[in-house]
Amino acid sequence: MNLVYRGFLIVPKWTYEVGLVRNKEPQYYTSKRLENARVENGNLVIEARREDYKGSEYTSASLITLGKKHFRYGRVEVRAKVPKGVGSWPAIWMLGENRQQVKWPNCGEIDILEYVGKDSTQVYGTVHYADSAAKYHYLGEKPVVGAPNEDYHIYAVEWDKKGISFYYDDLKYFVFEYKKAAYDPGKIFKKPFYLLLNLALGREGTLGGPLDEHILPLKYYVDYVRVYK
């Protein structure tokens with residue numbers, strides 16, 4: 001089945017995260033605010049801006065399918081154009097639908113894409129999880145692919161009961177096999193997950209790195225999200 005999600009602001013499979021959500025990132029995620037998330041020429045545009053808003057200096061948006069649509073296995077494919085600049089931190093990722101009950105990292109995390117402006121020639125694909133003692137683990141790769149910010153590219157995972165494969169266009173650059181991990185996290189990744197599309201801003205001490213305010217406003221373009229199962 002090919003589920004194609006367009007018209008992000010009106011299709012009821014998406015909702016918003018709101019506020020200062022994670023990692024002590026500086027951006028405030030807003031809801032239903034066209035300055036931060038809108039559809040232009042058939043693309044979702046997520047825009048990060050410098051502005052005073054509810055006590056924060058920056059705004060952006062994070063769209064999620066939690067409570068709307070959850071997935072278990074298949075190919076998740078997103079065609080997107082990432083924004084360049086030191087402190088730019090767009091992502092396409094998934095979290096276990098049970099996150100609120102078991103907490104992160106026990107719920108598992110699949111990062112289909114992270115792109116950070118300080119490493120502008122690379123893309124990151126990573127999995128995060130906990131072992132039976134709730135100890136945190138992660139594995140991933142960050143191939144050098146040139147200048148991904150200059151055009152649209154396909155970021156995808158193929159996910160089944162044995163593992164997860166990560167793609168940049170036609171390049172398969174990372175395969176995560178549950179049984180080969182230091183701790184077999186198969187039971188974590190055999191449960192439903194939800195999708196997130198967000199544009200974060202970096203700060204010192206995070207993967208996103210320090211923020212150069214001169215890059216703002218930033219625009220992150222998403223052409224489509226397709227889920228095949």
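This is a predicted model: local features need pLDDT of at least 70, side-chain atom pairs count only at pLDDT 80 or more; totals for chains, interfaces and linings use all residues.
How many salt bridges does the structure contain? The count comes to twelve salt bridges.

**Salt bridges**

Side chains of opposite charge can pair when their charged atoms come close. In this model, a network of salt bridges links Arg33, Glu35, Arg38, Glu40, Glu47, Arg49 and Glu51.

| Pair | N to O separation |
|---|---|
| Glu35 and Arg33 | 3.8 Å |
| Glu51 and Arg33 | 2.8 Å |
| Arg38 and Glu40 | 2.6 Å |

The pair of Glu51 and Arg33 links distant parts of the chain: Glu51 belongs to strand 5 (residues 43-53), while Arg33 lies in the loop between strand 3 (27-29) and strand 4 (37-40), 18 residues apart. Arg33 is buried because its relative accessible area, 15%, is under 20%. Glu51 also counts as buried, at 17% relative accessibility, whereas Glu35 is partly exposed at 34%. In the pair of Arg38 and Glu40, Arg38 is buried with a relative accessible area of 13%, and Glu40 is partly exposed at 30%.

**The largest pocket**

The largest pocket holds about 640 Å³ of space. Its lining is made up of 28 residues, of which Asn23, Glu109, Asp111, Glu114 and His128 are the closest to the centre. By class, the lining comprises twelve nonpolar, seven polar and nine charged residues. Strands 9 (88-96), 10 (109-114), 11 (124-130), 12 (136-141) and 16 (193-201) each contribute at least two residues to this lining. Strand 12 supplies the largest share, five residues.

Definitions and conventions: Residues are numbered from 1 along each chain as its sequence is written. Side-chain values use heavy atoms; hydrogens and water are left out. On a 1 Å grid over the protein atoms alone, a cavity is a set of points where a 1.4 Å probe fits but cannot get out, and a pocket is an open set with protein on both sides within 12 Å along at least five of seven lines; lining residues have an atom within 4 Å of a point. Grid points are joined across faces, edges and corners, and a volume is the space filled by probe spheres set on the points. Helices (H or I, at least four residues) and strands (E, at least two) are DSSP runs, numbered from the N terminus. Ala, Val, Leu, Ile, Met, Phe, Trp, Tyr, Cys and Pro count as nonpolar, Asp, Glu, Lys and Arg as charged, and the others, Gly among them, as polar. A salt bridge is a side-chain nitrogen of Lys or Arg within 4 Å of a carboxyl oxygen of Asp or Glu. Buried means under 20% relative accessible area, exposed over 50%, partly exposed in between (1.4 Å probe, protein chains only).
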